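Here are a few notes to read alongside the model. Take them in order, and keep the structure open as you go.

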Amino acid sequence: MSRILVGTASWTDATLLESGWYPPDADTPEKRLAHYASRFPLVEVDATYYAPPAERTARLWAERTPAGFTFNVKAFSLLTGHPTRVSALYRDLRPETAKRNVYPDDLPAQAYEEVWSRFLSALDPLVAAGKLGALLFQFPPWFTIRRENKQYLLEVARRCAPLRPALEFRHASWFAGDNAEETLDFLRRHDLAYVCVDMPQGHRSSVPPVLAATAELAVVRFHGHSDRWTSRDIHEKFGYHYSDRELRAWAPKLRELAGRAERTHVLMNNCFRDHAQTNAATLARLLDAD
């Protein structure tokens, strides 16, 4: 069985800072990251979805964490087809438009290529330090199972190589009926890492909790089961605290998944106050105990 790394999605959420999880003397970004890294071996960088990172920032992340620490980095929204704020784009690549949000087709081809290039090159310090785990590509609810979208998955892998993208779907069509086996077979055939999710069911964006390893890396993300999943308030959407009973039921499933992969990353994305951190610590203890 591969080693299972457990962590959380983000370490800088405002409600986390207010929760008291950080000690009073962890009063700077550097000290907070050091405190987090002393407790978990893995973190997911969520801020890079909203704006591409600067290379200097990635260098500081690498310098401020111990050897062996791992960062998974969430892909910039433009690269997953989500609406992207014009103000989030690199200043010299912003199109002249009255729109607040743009999509890839709203940019000249060369500008779009440059966004890809700059996003990936900014992560070089993490790569050099051996601390970049995976690039999380979380696709929008309208990214359905169809040939054009499968081709884009291959394009993502080609652009990221030799880095490892991990792919998360947000539309049930990928796992409806016979599509589930088709999806997993496609990912395995092309050595693409699939992101398993635990999330509320019955919504347009709902994907069932199918646990599968399709590459040497397996990833599981826990989004919680908030009854306010459709809320525009991100803390209502993800404000769920897993019970010890729920996590205890997940532990053997995660161990079984880890037996089918070389590396396994488990991330709590129920980011409200210290929910993700306390749940991640409990899950790590359950996995270590067994």
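1. Arginine 164 counts as buried at 14% relative accessibility, where buried means under 20% relative accessible area, exposed over 50% and partly exposed in between (1.4 Å probe, protein chains only). Its salt-bridge partner is aspartate 191, with the closest N and O atoms 3.3 Å apart. A salt bridge here is a side-chain nitrogen of Lys or Arg within 4 Å of a carboxyl oxygen of Asp or Glu. Aspartate 191 is partly exposed, at 41%.

2. A word on the source: this is a predicted model, so local features need pLDDT of at least 70 and side-chain atom pairs count only at pLDDT 80 or more, while totals for chains, interfaces and linings use all residues. Residues are numbered from 1 along each chain as its sequence is written, and side-chain values use heavy atoms, leaving out hydrogens and water.

3. Helices (H or I, at least four residues) and strands (E, at least two) are DSSP runs, numbered from the N terminus. Glutamate 182 in helix 8 (residues 179-189) and lysine 150 in helix 7 are 32 residues apart, yet their side chains meet in a salt bridge (2.4 Å, N to O). Lysine 150 is buried at 13%, whereas glutamate 182 is partly exposed at 37%.

4. Glu44, Glu168, Arg170 and Arg221 are linked in a network of them.
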